[in-house]
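Thanks for coming. I have one structure to go through today, and I will take it piece by piece.

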Amino acid sequence: MGYTFDFGAVFDRAPELFWGSLGTLGLAVAGMILALAIGILGVAARTSKNKLVQSPVIAFVEIVRNTPFLVQIFFIYFALPLMGIRLNPTATAIIALGINGGAYAIEIIRGGVESVNKGQVEAGFALGLHKADVFRLIVLKPALRAIYPSLTSQFVMLTLTTSVCTSIAAYELTSAAQRIESDTFRSFEVYFSVTAIYLVISSLMMGIFALISRSYFNYPTR
């Protein structure tokens with residue numbers, strides 16, 4: 001018996017997929033901002049000569065990078081309430097995405113920081129700049145320019161990882177698709193459409209990142 005394709009059910013529920021897509025973008029952007037903040041602060045601590053500052057960051061990176069994201073988000077959502085910390089699904093998803101992305105961002109940014117010529121840093125100190133200004137003006141921007149492609153690829157991956165957040169009932173595209181599929185029983189049509197939407201979201205983000213790169217990280221041509 002042949003299968004009859006019917007995308008009508010998907011088109012009828014298009015508004016739900018639209019709002020789910022916005023939910024995915026919201027989680028992704030918030031997670032990226034948190035991940036970038038963790039990455040920058042983590043690199044500052046990771047490159048410190050003080051072992052008491054450096055060691056916790058190393059441990060954090062190793063723990064996060066060597067455990068599944070699903071386990072991490074379950075720990076935040078189910079284990080923290082045992083300690084009296086209760087978070088709603090959206091807040092949990094953002095924090096989990098930020099922590100996961102931040103651990104990878106620390107190592108990516110650290111690679112860029114270590115690629116900066118030490119002579120430039122010494123020149124900054126010779127000019128009387130404060131250590132924070134040297135890091136911000138001389139180290140961070142050239143480092144971000146060097147690792148921008150890797151960092152943005154990680155952020156696109158983080159956007160796709162938001163689909164796992166449906167496991168704690170966070171509202172995003174995959175959770176909207178699951179509701180539609182359970183109501184219509186049109187699994188192929190629903191997930192085929194969702195696949196196309198994720199491709200559009202990823203392409204849109206890569207295009208935006210490319211525009212940012214051309215605007216802020218290109219070397220002067222004159």
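Which exposed residues does helix 3 carry on the face turned away from its buried side? They are Lys51, Leu52 and Ile63. Before going further, the ground rules: this is a predicted model, so local features need pLDDT of at least 70 and side-chain atom pairs count only at pLDDT 80 or more, while totals for chains, interfaces and linings use all residues. Residues are numbered from 1 along each chain as its sequence is written, and side-chain values use heavy atoms, with hydrogens and water left out.

Two terms from that opening question. Buried means under 20% relative accessible area, exposed means over 50%, and partly exposed is in between, with a 1.4 Å probe and protein chains only. Helices are DSSP runs of H or I with at least four residues, strands are runs of E with at least two, and numbering starts from the N terminus.

On that basis the chain has 9 helices and 0 strands. Its C-alpha atoms fill a box of roughly 75 × 55 × 25 Å along the principal axes. Of the 222 residues, 40% are buried.

Back to helix 3, residues 51–65. The expected span is 1.5 Å times one less than the number of residues. For the 15 residues here that should be 21 Å, and the end C-alpha atoms are 21 Å apart, which agrees. Its buried residues are Gln54, Val57, Val61 and Val64.

Next, salt bridges. The rule asks for a side-chain nitrogen of Lys or Arg within 4 Å of a carboxyl oxygen of Asp or Glu, and the count comes to 4. One of them joins Arg13 and Asp183, with the closest N and O atoms 3.0 Å apart. Arg13 sits in the loop between helix 1 (8–12) and helix 2, and Asp183 in helix 8 (residues 173–184), so this pair ties together parts that are 170 residues apart in sequence. Arg13, Glu16 and Asp183 are linked in a network of salt bridges.

Arg110 and Glu107 also meet in a salt bridge, at 2.8 Å from N to O. Both lie in helix 5, 3 residues apart, about one turn of the helix. Arg110 counts as buried, at 18% relative accessibility. A further bridge, Arg186 to Glu189, comes in at 3.2 Å, and Glu189 is buried at 0%.

Now the aromatic side chains. Rings of Phe, Tyr and Trp (its six-membered ring) pair if their centres lie within 6.5 Å; planes under 30 degrees apart are stacked, over 60 edge-to-face, and the rest tilted. That gives 6 aromatic pairs. Among them, Phe18 and Trp19 are edge-to-face, 5.4 Å centre to centre with 70° between the planes. Phe18 is partly exposed at 47%, and Trp19 is exposed at 53%. Tyr77 and Phe78 are edge-to-face too, at 5.0 Å and 80°. Ring pairs also link Phe5, Phe7, Phe188 and Phe192 into a cluster.

Last, one contact across the sequence. Leu27 lies in helix 2 (residues 14–46) and is buried, at 4% relative accessibility. Leu27 and Ala91 are 64 residues apart in sequence, but their C-alpha atoms are 9.0 Å apart in space.
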